[in-house]
Amino acid sequence: MKGVKMSLINSIGSSFLLYNTVVALYLVAGILYFLFLISHKKEMGQMASTVTFSGWVVNTAALVGRGIADHHAPWSNLYETLFLFSWASILGYMIMEMKYKVRVAGAFVLTLVLFAVGAAKLLPYRYQMVEPLNPALNSYWLKIHVFTMFMSYAAFGISASLALIYLLKKRSESRGTTGWILKEFPNTDALDDMTYKAVMVGFPLLTLGVIFGAMWAYEAWGGYWSWDPKETWSLITWFVYAAYLHARMTRGLRGSPSAWFSIGGFVSVVFLYWGVSFIIPGLHAYAA
């Protein structure tokens, strides 16, 4: 029994060490991306990408280590889900960087990720500790519900980052200047298209996440939908992105309105994740 307890303590300690390493690597990567924006040196960009990938590998190991310590999927509380969001965001960004060669977006995506992991490390210690699961959380549907939702959050975060880059680039072009930094950014048409494609990835994942959440609710509470504040806001967020895609496909939504729509959608996601859990009491309150 004593050996098992020591093994658990070592697993928890290792997971904290790995998470601290993740924060350090992402911080270095973010700095390198900004230096790449300023210097335009290809070698600096390559270093940033290498450090980012290294951080993602350690992030993966941290999630696995936390799962071993928890004896369940390592995304059952606020601390863990913030690192799941960072993991999914970096994964999505690396795929985008390889496919579209948009290394300049790394500075913006890494800034978003650093906010997430920084918030995790600033949480009170009691929120960071490994604890037994609430019986309602001990469900297969929970695992796939939370994982799918956070993959969608990551896609929407990347979309909002690209939308912000679009607005900066568009403003610069409207003034007739490109600037030393902004000239490295892709053209506005490419940015607009990538913003849209990121939403196209996130929306089906959000849809599946809501469905899986309904299955979990039925298993935990005996009903698929109870109009809990978290459920209600997830539906509102779903309608926001559904409206975005509808306007894009039928009304030709493009340019700055499209960018602002994407940013507004991500604000809804942030409120769904943070605001509802802390401000409005409900069945999801224990998730904090």
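These legends describe close-up views of helices 6, 7 and 9 in a predicted model. Local features need pLDDT of at least 70 and side-chain atom pairs pLDDT 80 or more, while totals for chains, interfaces and linings use all residues. Residues are numbered from 1 along each chain as its sequence is written, and side-chain values use heavy atoms, with hydrogens and water left out.

**View 1. Helix 6 against helix 7.** Helix 6 (residues 140-174) and helix 7 (residues 188-221) have axes that come within 7 Å and cross at roughly 160 degrees. Helices are DSSP runs of H or I with at least four residues, numbered from the N terminus; axes are lines fitted to C-alpha atoms over the stretch in contact, with angles from 0 to 180 degrees between N-to-C directions. The pair is therefore roughly antiparallel (over 145 degrees). By class, this contact has 24 nonpolar, nine polar and five charged residues (nonpolar: Ala, Val, Leu, Ile, Met, Phe, Trp, Tyr, Cys and Pro; charged: Asp, Glu, Lys and Arg; polar: the others, Gly among them).

**View 2. Helix 6 against helix 9.** Helix 9 (residues 255-279) packs on helix 6 at an angle of about 145 degrees, with the axes 8 Å apart. Residues in contact (heavy atoms within 4.5 Å) include F150, Y153 and L167 of helix 6, and W260, F266 and Y273 of helix 9. The class counts are 16 nonpolar, five polar and one charged.

**View 3. The two ends of helix 7.** At the start of helix 7, a side-chain oxygen of N187 lies within 3.1 Å of the backbone nitrogen of D189. G222 follows helix 7 and has a positive phi, near 85 degrees.

Definitions and conventions
Parallel < 35°, antiparallel > 145°, perpendicular 65-115°, else oblique. Polar contact = N/O pair within 3.5 Å; in protein donor to acceptor, adjacent residues only side chain to side chain.
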